[in-house]
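Let us walk through this structure chain by chain, then look at where the chains meet. Keep the view open while you read.

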Amino acid sequence: MHLTKEEEQTLNGEFGGGTQKAMELLVAIGDAYDAEKMIPISRAHAASSGQEGDMYFVELLADGGAKCRVPTSTNPVYDIKYFHKLFDVPKDEAEVARRVMEAYSKVGAILSWSCVPYLSENIPLYGESVAFSESSATPYVNSVIGAYTNREAAQSALAAGIIGKTPKYGLHIKENRKGTTLFDVKATLRDEFDYTLLGYYVGKAIGYGIPVLTGITRPPNTEELINFCAMSNTSGAISMFYIPGHTVEASTVKEAFQGDIPKQKITVTDRELKGVYEELQTTSKKADFIQLGCPHYTLKQIGKVAELLNGKKIHRDSSFWVCTSATTKLLADRVGYTNTIEKAGGRVVVDTCIDEPCWIAYKQKVGMTDSPKGAYYRRYREVRLERLQDCVKAAVNEEGKRKP
Amino acid sequence: MKTALKCHKIIGGYGEGEALVSHEPICFYLTDPKTGIVREKTHELAGKNISNKVLVFPSGKASSVVQIDGLFKLASHNLAPKAMIVKDVETVLIVSAFIAKVPLVDRLEKDPFKAIKTGDLVRVDANKGTVVVERHKS
């Protein structure tokens, strides 16, 4: 890969050890893909995770004096203060989370602790070159927004945010953004839950590639697209997709395939989605707790939960959680959704991913969620997967209405 | 018998050891971080130990968070492979090897699954772009 004089100097450590390490990683990636050069990026999203590998790298950069040159947002870890009051989180795991969060602060990242930063904290525009890790973020940014990003790891995205550049390879090149598989969607898509099942099916069916979806008549909404992205990039490695007519980069199937004839066509009916739904259930037992917000719920989804819980009580034997970003919670507080949910006995938590050690109390329990991704990475014993409305229904004890 | 082959450096460094060949992609999170034994029951390497081996495999798999953490944990117990020879690279595997400081190469001038067999002594010099395979007649 060709390096400019300044890039060479960075690689030689002339601007400090932290930026040197970041550059070393980017050069290794660029060389691996035979990138001709590096290109500037305008923003990055590091899928911080509060795990040891994550801690090692961000501390290496922070201790070496590195600072983000472009806005770089962070993924949820967990709300340490909040959870430590409630549960007995193992000390060593809590220490990793604390150090990770401190190091991201030290490198000057936007401390969003949100997995949907493209909605409010760090928003790319059409055609922007960026480096976004996180399962929903990569495909959302490429497909829904039409910005350019590769399927980054947390560390390569952070390194790109530090340097302000990324090697030019993969999805930064137009020819590589060509559709690979045509999906004819004949399944009924009512809400984001159906889109999660569809995403899960598509990712699993091809594993890797750029799916092009046809047959979708009603324009998908934000929540539906977020969930399609998160799930297809969990069951598979889907960095980009097209729904011609609804996503921005191609208005026709032909355009999505850049003029080529699709080599593979897969039809998806209600039967396939039902298959995914059944595959992910591990029990039909009563849920001990209900966990929503993977990916982080939007204000609209929190509003839906509040509407369904209004005037009701959560069953005393189960607990009810909604995960969201700090910015969304601010508005949920302001418009009264949080109050309604808390009155019913539920909790709205910020900065937290459902795949973190703070949920230790549920390790041997039965959980219910509307997220196949949450079910896939579950930190609990058994899982039931249901749509939002049914999760709320299961949490509510009708008796509670009369005897609060 | 000794064969010297050219390769393409991804993560630099030198590592030598006994070869362990896997025809299936590998997820490091599914190995025991305290022993290096592959725990994934359906994997062809199930029950085999990858630590201190020169690992030959087609590619990595699984999400970035678990893959990177998996190899990092092995490395912090000194149980990472000595070097890795792969057919297809992707960003996550590159980051994993970078963080765990394991030499990683691809584009071996011969098909690695034909040139290397489990048990061969393999020397990987990623910086020089060479792989030396030594096989003793049994």
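An axis here is a line fitted to C-alpha atoms, for helices over the stretch in contact, and angles run from 0 to 180 degrees between N-to-C directions. That convention is needed for one helix pair below. One caution comes before it: this is a predicted model.

Start with chain A. It holds 17 helices and 13 strands. Its C-alpha atoms fill a box of roughly 75 × 50 × 35 Å, taken along the principal axes. Buried residues make up 56% of the 404 residues. Among the contacts of chain A with a separation of 6 or more, 79% join residues 24 or more positions apart.

Now the helix pair. Helix 8 of chain A spans residues 192-206, and helix 11 of chain A spans residues 270-280. Their axes come within 9 Å and cross at roughly 90°. Angles of 65 to 115 degrees count as roughly perpendicular. Helix 8 of chain A and helix 11 of chain A are therefore roughly perpendicular to each other. Helix 8 of chain A makes the contact through D194(A), L197(A), L198(A), Y200(A) and Y201(A). Helix 11 of chain A answers with E272(A), L273(A), V276(A) and Y277(A). By class, this contact has seven nonpolar, no polar and two charged residues.

A residue is buried if 20 or more other C-beta atoms lie within 10 Å of its own. Take helix 6 of chain A, residues 137-145. Nine of its nine residues are buried, and the helix is mostly covered. The buried residues include P139(A), Y140(A), N142(A) and I145(A). What covers them? The cover of the buried residues of helix 6 includes strand 2 (44-46), strand 4 (131-132) and helix 9 (222-235) of chain A. Just after helix 6 of chain A comes G146(A), with a positive phi of about 85°.

Helix 7 of chain A repeats the theme. Ten of its ten residues are buried, so helix 7 of chain A is largely enclosed by the rest of the structure. Among them are Q155(A), S156(A), L158(A), G161(A) and I163(A). G164(A) follows helix 7 of chain A, and its phi is positive, near 80°.

Burial also occurs in a loop. A344(A) sits in the loop between helix 14 (337-343) and strand 11 (347-350) of chain A. Is A344(A) buried or exposed? It has 22 C-beta neighbours inside 10 Å, so A344(A) counts as buried. Leaving aside neighbours within four places in sequence, A344(A) is in contact with L309(A), K312(A), K313(A) and I314(A). T298(A) is 46 residues from A344(A) along the chain, and their C-alpha atoms are separated by 20 Å.

Turn to chain B. It has three helices and eight strands. From the N terminus on, its elements run β-β-β-β-α-β-α-β-α-β-β. The radius of gyration of chain B is 14 Å, close to the 14 Å of the globule rule for 138 residues, so chain B is as compact as a globular protein of that length. Its C-alpha atoms fill a box of roughly 40 × 30 × 25 Å along the principal axes. Of the 138 residues, 51% count as buried. Of the contacts in chain B with a separation of 6 or more, 73% join residues 24 or more positions apart.

Finally, the chains meet. The contact takes 20 residues from chain A and 15 residues from chain B. On the side of chain A, helix 2 (17-32), helix 3 (52-63) and helix 7 (154-163) each give two or more residues. Helix 2 of chain A gives the most, with five residues. The residues on this side of chain A divide into nine nonpolar, seven polar and four charged.

Leaving aside neighbours within four places in sequence, I94(B) is in contact with A28(A), I29(A) and A32(A) in chain A, and with I10(B), I11(B), V89(B) and L104(B) in chain B. The largest nonpolar core has 175 residues, and those with the most contacts inside it are L198(A) and I94(B). L198(A) is also one of the residues of helix 8 of chain A that touch helix 11 of chain A.

Definitions and conventions: Residues are numbered from 1 along each chain as its sequence is written. Chains are lettered from A and ligands numbered from 1 in the order in which they are written. This is a predicted model: local features need pLDDT of at least 70, side-chain atom pairs count only at pLDDT 80 or more; totals for chains, interfaces and linings use all residues. Helices (H or I, at least four residues) and strands (E, at least two) are DSSP runs, numbered from the N terminus. The radius of gyration is taken over C-alpha atoms; the globule rule is 2.2 Å times the number of residues to the power 0.38. A residue is buried if 20 or more other C-beta atoms lie within 10 Å of its own, exposed if 12 or fewer, and partly exposed in between; C-beta atoms are placed from the backbone. Two residues are in contact if their C-beta atoms, placed from the backbone, lie within 7 Å. Angles under 35 degrees count as roughly parallel, over 145 as roughly antiparallel, 65 to 115 as roughly perpendicular and the rest as oblique. Ala, Val, Leu, Ile, Met, Phe, Trp, Tyr, Cys and Pro count as nonpolar, Asp, Glu, Lys and Arg as charged, and the others, Gly among them, as polar. A nonpolar core is a set of buried Ala, Val, Leu, Ile, Met, Phe, Trp, Tyr and Cys residues joined through C-beta atoms within 7 Å.
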